[in-house]
Amino acid sequence: METMKVQMEVGGRTLTLETGKIAKQADGAVVARYGDCVVLGAAVRANPREGIDFFPLTVDYREKAYAAGKFPGGFFKREGRPTSKEILTMRMIDRPIRPLFPKGFNDEIQIQVFVLAADPTLDSDITSIVAGAAALSLSSAPFEGPIAAVRVGRVDGEFIINPTYEQLENSEFDMILAGHADGVNMIEVGALEVPEQVMADAIAFGFQTVKQICRGIADLREKAGKPRTWTPPEPKEDLHAKVRELAYQECRTRRQIPGKLERQTAMKELYDGIIEKLCPEGAEDCPYEKNEVFDAIHEIEEEVFNKLILDSNKRSDGRGPTDLRNIDSEVSILPRTHGSALFTRGETQALVVTTLGTARDEQIIDGLAEEYSKKFMLHYNFPPFSVGEARRIMGPGRREIGHGALAERSLEGVLPSAEDFPYTIRVVSEITESNGSSSMASVCGGTLALMDAGVPITQPVAGISIGGVHDDHKRILLTDIIGEEDHFGDMDFKVAGTQRGITGIQLDLKERSIDQDTIVKVLEQARQARIEILKKMLTTLKRPRPDISPYAPRIITIKINPEKIGAVIGPGGKGIRRIEAETGATIDIADDGTITIGCLGIEGAKAARGLIEMITEGPKVGNIYEGRVCSIKDFGAFVEIAPGQDGLCHISELSNGYVKNVSDVVKVGDMIRVKVILIDDQGRVKLSRKAVLIEEEQGAKKK
């Protein structure tokens, strides 16, 4: 097979797409190179499984450790289950591709994407989306692409295509945009309160490069693509006529039942009745398959759903296009958590809990890029009971990881800096009821739970999902969509932000594309809804609580000379372990000399700070320390006030009364509070227990 390639300049670097050299037995295979990032994308088409009634598309993306010159972590030293980063990238490859297959195509499609070489300056996700889409475009599948993707950032007011890691650190937002020649069909954004118009301009800017890459993929297909071989199944006109006669009017009536569960029950009864009528149980000469009848009813239901809204401007639950469902929220609903909130919007409910921790609770991320730690995590859980179902209970799936990531980046932009609030923060959203847009309920509940925990966020964040329906003459945008409006409608366009601007976006599209005018309208409609939600949320809790929960650790941060780190740690870590044992604190030391001290009680944190300052700066005259009696002499007791630092408490300074024998007052191992009263020229420390007792007596008299 002859090697074919195309090249183009994208964002100041060369993007090369090559086929015919590697993975020649795949239905389509492309090696994409961008900078020093090299990615293999391979697509395979298999015959449909017997009796299948859905489109089985599988996307798998893996980051090979060798791509970055690393060994995989863990005992086995080989790649294992996919990381959250890999799962999120799989979703981004899948989502713009899935809507571009013709209805009725049920052949199995599998796309695999491997990162073979990692560029240390660039994320590999964009190159991977392009590689996977290009491989699919070369295959024999009837894919209505090609699609492509770019990353867009904005630094100093200038838009940037495919910014580096360094540029992203200074960017106002991180946008991933996918689409094809006709328009955009996927958006992912994490932002720092960016105005709607700037966001719309960024989408338009990035789309120009998307079209450029699509032209390159189309050029490669012309050179090396396989013929597309698929014949759509012949429509069964008689079946559709019978189903329409049986279902249409009943469907119109039942689809207007207000409650979700009642409406679902009524529609299930309609489906079951028609299927039993046209495909009787046990009948041998039935001309139709059950799944064919089901699909025909589903088409009628989708038609009725759209027509009811377009004709009346009223939705299944009686709301108008821009109406929000009823919103209710509470905080501090759990007794010992650090922060909690219950946010309910219609039939969607999120129980959100915030936990505060120390530096030891940070999540270490080890991927192809340089290892780093995360101080903020948001985890989203979707139990089956939230939608009234009983199904297999497993770990978080791709959807849960994706929704959690969206809510996390929507809140990340309003968190305080680590210098101002040195806590590790974990937010968990438990979806206890769901009928649409539970990820945006997680954002709203997350804001309240963070404020309830005393996290000084800069602005409260709310989120809303905008959907839509249309026909050849009219399009209506729907605010705060419910589950069936997501299922039957055009899109699920989630937008989160503050009163100042956008912090997060995720667009999932059912139709082929969305135009720029519609994007602008969606962003404005979402802004208006967001302001209304924020007003209702702030009636529950106006601002972050002035102090953190008494059950959360107290954290003190100090800075020492890095040369003194060894003295604090001590030989074999004995010094730091002793401080932790004596004070109950946890101590973490950074290479630059920053020490983070965490303790459930502030007194323990202060005591640990005092001991560290003693080691690094030495004792100070006038300071009071708690020390251990390490030896007793006739003339006094030696007290260790810090690891490796002791002083003499003379017999005359042991008590505010007469002392005949030192052992009458203290014994070896006793912990006593002493005050430094003198440090002589030779550095010897003189201590006084009497001075502490006198101060305590005077303090008691004042009270």
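Tutor: The model is predicted, so local features need pLDDT of at least 70 and side-chain atom pairs count only at pLDDT 80 or more, while totals for chains, interfaces and linings use all residues. Residues are numbered from 1 along each chain as its sequence is written, and side-chain values use heavy atoms, with hydrogens and water left out. Helices (H or I, at least four residues) and strands (E, at least two) are DSSP runs, numbered from the N terminus.

Most residues other than glycine have a negative phi, and most peptide bonds are trans. Lysine 77 has a positive phi, near 55°, although it is not a glycine. Its place is the loop between strand S5 (57–63) and helix H1 (84–97). Lysine 77 counts as partly exposed because its relative accessibility is 47%.

Serine 437, also a residue other than glycine, has a positive phi near 60°. This serine sits in the loop that runs between strand S17 (424–433) and helix H9 (438–452). With a relative accessibility of 10%, serine 437 counts as buried.

The next case concerns a peptide bond. Glycine 145 and proline 146 are joined by a cis peptide bond, with omega about 5°. Proline 146 belongs to the loop between helix H2 (125–138) and strand S7 (148–155).

Strands S28 (residues 671–679) and S29 (residues 685–688) pair in the antiparallel sense over four bridges; two strands pair if DSSP finds at least two bridges between them. Isoleucine 679 has valine 685 in S29 as its bridge partner. Five residues lie between the strands of this hairpin, and glycine 683 takes a positive phi near 85° there. S28 also pairs with strand S25 (residues 624–633), in the antiparallel sense and over five bridges. In that pairing, tyrosine 625 has valine 674 of S28 as its bridge partner.

For a residue within a helix, take arginine 530, which is in helix H11 (residues 516–538). Its relative accessibility is 1%, so arginine 530 counts as buried. Leaving aside residues up to four places away in sequence, arginine 530 touches several residues, including Glu196, Ala462, Val495 and Thr498; contact means heavy atoms within 4.5 Å.

Key
Buried means under 20% relative accessible area, exposed over 50%, partly exposed in between (1.4 Å probe, protein chains only).
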